Amino acid sequence: MHHAAPIDLTELVDLQAFPIHEPASAAYVAAVDAARAGLRSEGCAVLGGFVRPEAVAQLNDEILERKHATHYSTQVMNPYFHTAVNPDYPPDHPVNTFIERSSGFIPGDAWESGCVTDTLFRAPEVVRFIADCLEISALYCYDDPLAGLTANICDPGQQFTWHFDTNDFAVTVLVQPGDDGGLFEYVPQIRSAADEGFDAIAEVLSGGRQGVRTLELRPGDLQIFRGRHSLHRVTRVGAGSRPRHAAIFAYTLEPGVIGRVERTRQLFGRVLPAHEEAERRRVRSDALLD
């Protein structure tokens, strides 16, 4: 899908409900305050209907056009994206609890500049609004050439099992929900930088529902989620369901950030020279398992 002229923000975002072009307006402040309240209490904010229905249809068309570029992978992994048994921990420990992850990602280099999805991701008004919701002075579009702008695909029978993110927050737009399954579930703040929370994690991995929140997102809902400390998953999409499509917009606190080699290879099946160079220079921000 190619556009001869730049796409106007009014075509993409419900600016009446979310006047992101008017940051001094009362409605903007109210939307930011509501998002901040959710992020402070639950580590999650859902802005219902943020993307206009017509734009959601365009986002889905762009995903379908690029679905041939999806890297699908099925792994049996623990919540830290590790796939090998760690003999330093007991067999029933979360580190040694492995569950199927089966889904696909459309990589960043499949999206051309100026398409609807890319325009929404990079719109300065969107970036500023998300930064305000997160109570951050500035955000930058993730410079990773594969993981900056992506779409997650869960086809019938697939699931993205319980895991943690390596980044502090994630921004997603649900584009097409599954007819059956494909629900987003999370356990807010189950761990911290000082406490891995293994006991609580083990309970959830064994099927416990203590603290589990379930979201039934709708097309066009924008979700801001702190997934570094909150265990989360997308439940299995039913065998007879349509696929679940979600656009993922990745932002960073500093410009020029590139993702980790191991996680990039797991999700996209390849790495680029930029990833290898960044890995050589990387400094860890915390000591969590990942």
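Is R213 buried, partly exposed or exposed? In this predicted model, R213 is partly exposed, its relative accessible area being 32%. R213 is also a partner in a salt bridge with E42. A search of the whole structure finds 16 salt bridges, and the points below describe some of them, including the pair of E42 and R213.

- E42 and R213 form a salt bridge in which the closest N and O atoms are 2.7 Å apart.
- Because E42 belongs to helix α1 (residues 26-42) and R213 to strand β9 (residues 213-215), this pair ties together parts that are 171 residues apart in sequence.
- R233 and E185 also meet through their side chains in a salt bridge, with an N to O distance of 2.8 Å.
- This second pair links distant parts of the chain, since R233 lies in strand β11 (residues 231-234) and E185 lies in strand β8 (residues 184-187), 48 residues apart.
- E185 is buried, because its relative accessible area is 5% and the cut-off for buried is under 20%.

**A salt bridge between a buried and an exposed residue**

- D221 forms a salt bridge with R218, and the closest N and O atoms of the two are 3.7 Å apart.
- D221 is buried, with a relative accessible area of 4%.
- R218, by contrast, counts as exposed at 52% relative accessibility, the cut-off for exposed being over 50%.

Definitions and conventions:
Residues numbered from 1 in each chain as written. Predicted model: local features only at pLDDT ≥ 70, side-chain atom pairs only at ≥ 80, totals over all residues. Heavy atoms only, no water. Salt bridge = Lys/Arg side-chain N within 4 Å of Asp/Glu carboxyl O. Helix = DSSP H or I, 4+ residues; strand = E, 2+ residues; numbered from the N terminus. Buried < 20%, exposed > 50% of the residue type's maximum accessible area, 1.4 Å probe, protein only.
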